[in-house]
Amino acid sequence: MPLSRTCFPSPVGDLTLVASEQGLVAILWQDDDPGRVRLGVVEEGAGQPALEAAQVQLSEYFAGARRDFTVPLDFRGTDFQRKVWAALLTIPYGETRSYGDIARMIGQPTASRAVGAANGRNPVSIIAPCHRVVGSNGALTGFAGGLPVKTWLLDMERRVVGA
């Protein structure tokens, strides 16, 4: 089955949402590297329930009214990538974790670099909050949406939680 996509205008730029019948497959940035998230055939169409749920929930997130997402996800990647992406889902709103923290969470404490690579290929940025992953010294590191967007997202979350 082909995937469906729709455009979602957000405060951090237009995002392309991509879904299968099982759930949200990707959130792509305006200037996203086409090789970052590999997709099959993608057609226009907002009929997938996951697309509609993602739009509502992202709107609520950007309004500061949602901290957790419930839209079904259809992660497509290696077993290791899926472990990393699942670990991202556990990072609390308004907090950060290091690549080493994520490596320890998935039971592979020496895999910080591999965690970084998997984090960089996270297909559902924001929902699986890779923007909450920072360097071991707390420094902001790469982000598919760009470091200014990563900073904006972290600042927005901190304002909402009052940190």
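The legends below describe close-up views of a predicted model.

Local features are given where pLDDT is at least 70, side-chain atom pairs count only at pLDDT 80 or more, and totals for chains, interfaces and linings use all residues. Residues are numbered from 1 along each chain as its sequence is written, and side-chain values use heavy atoms, with hydrogens and water left out.

**Figure 1. Confidence of the predicted model.** The protein averages a pLDDT of 90, and 98% of the residues score at least 70. Here pLDDT is the predictor's confidence in each residue, from 0 to 100. Among the elements of the protein, H2 has the highest mean pLDDT (96) and E4 the lowest (74). The elements are DSSP runs numbered from the N terminus: helices (H or I) have at least four residues and strands (E) at least two.

Figure 2. Strand E1 (residues 3–10) is antiparallel to E2, with 7 bridges between the two. Two strands are taken to pair if DSSP finds at least two bridges between them. Ser4 has Ala19 in E2 as its bridge partner, and the hairpin formed by E1 and E2 has 2 residues between the strands. E2 also pairs with E3 in the antiparallel sense, over 4 bridges; Thr16 has Leu28 in E3 as its bridge partner. The hairpin from E2 to E3 runs through 4 residues. Strand E2 (residues 13–19) is mostly covered, as 5 of its 7 residues are buried. Buried denotes under 20% relative accessible area, exposed over 50%, and partly exposed the range in between (1.4 Å probe, protein chains only).

**Figure 3. The nonpolar cores.** A nonpolar core is a set of buried Ala, Val, Leu, Ile, Met, Phe, Trp, Tyr and Cys residues joined through side-chain atoms within 4.5 Å. The largest core holds 39 residues, of which Leu17, Leu24, Leu58, Phe62 and Ile126 touch the most other members. Two or more residues come from each of E2, E3, helix H1 (49–62), H2, H3, H4 and H5. The greatest contribution is that of H1, with 6 residues. Apart from this core lies another, of 6 residues, among them Val18, Val25, Leu28 and Val37.

**Figure 4. Surroundings of Leu24.** Contact means heavy atoms within 4.5 Å. Leaving aside neighbours within four places in sequence, the residues in contact with Leu24 include Leu17, Val18 and Ala19, as well as Ala50, Leu51 and Ala54. Val71, Pro72, Leu73, Asp74, Val124 and Ile127 are also in contact with Leu24.

**Figure 5. The buried face of helix H2.** In helix H2 (residues 79–88), the buried residues are Gln81, Val84, Trp85, Ala87 and Leu88. Seen down the axis of H2, these residues fall within an arc of 155°, and therefore line one face of the helix. The arc is that of the directions from the helix axis to the C-beta atoms. The buried residues of H2 pack against helix H3 (99–105), H4 and E6.

Figure 6. The structure holds 7 aromatic pairs. Rings of Phe, Tyr and Trp (its six-membered ring) pair if their centres lie within 6.5 Å; planes under 30 degrees apart count as stacked, over 60 as edge-to-face and the rest as tilted. Trp29 and Phe143 form an edge-to-face pair, 5.4 Å centre to centre with 70° between the planes. This pair links distant parts of the chain, 114 residues apart: Trp29 lies in the loop between strand E3 (24–28) and strand E4 (42–44), and Phe143 in the loop between E6 and H5. Trp29 and Phe143 are both buried. Tyr61 and Phe69 form a tilted pair, 5.6 Å centre to centre with 45° between the planes. Tyr61 is buried at 0% relative accessibility, and Phe69 is buried at 17% relative accessible area. One aromatic cluster is formed by Phe8, Tyr61, Phe62, Phe69, Tyr93 and Trp152.

Figure 7. Ala144 is found in the loop between strand E6 (133–134) and helix H5 (147–161). Ala144 is partly exposed, with a relative accessible area of 31%. Beyond its neighbours within four places in sequence, Ala144 is in contact with Trp29, Asp32 and Arg36. Ala144 and Asp31 are 8.7 Å apart in space, C-alpha to C-alpha, and 113 residues apart in sequence. Ile126 lies in the loop between helix H4 (112–120) and E6, and is buried with a relative accessible area of 0%. Although not a glycine, Ile126 has a positive phi of about 80°. Most residues other than glycine have a negative phi.
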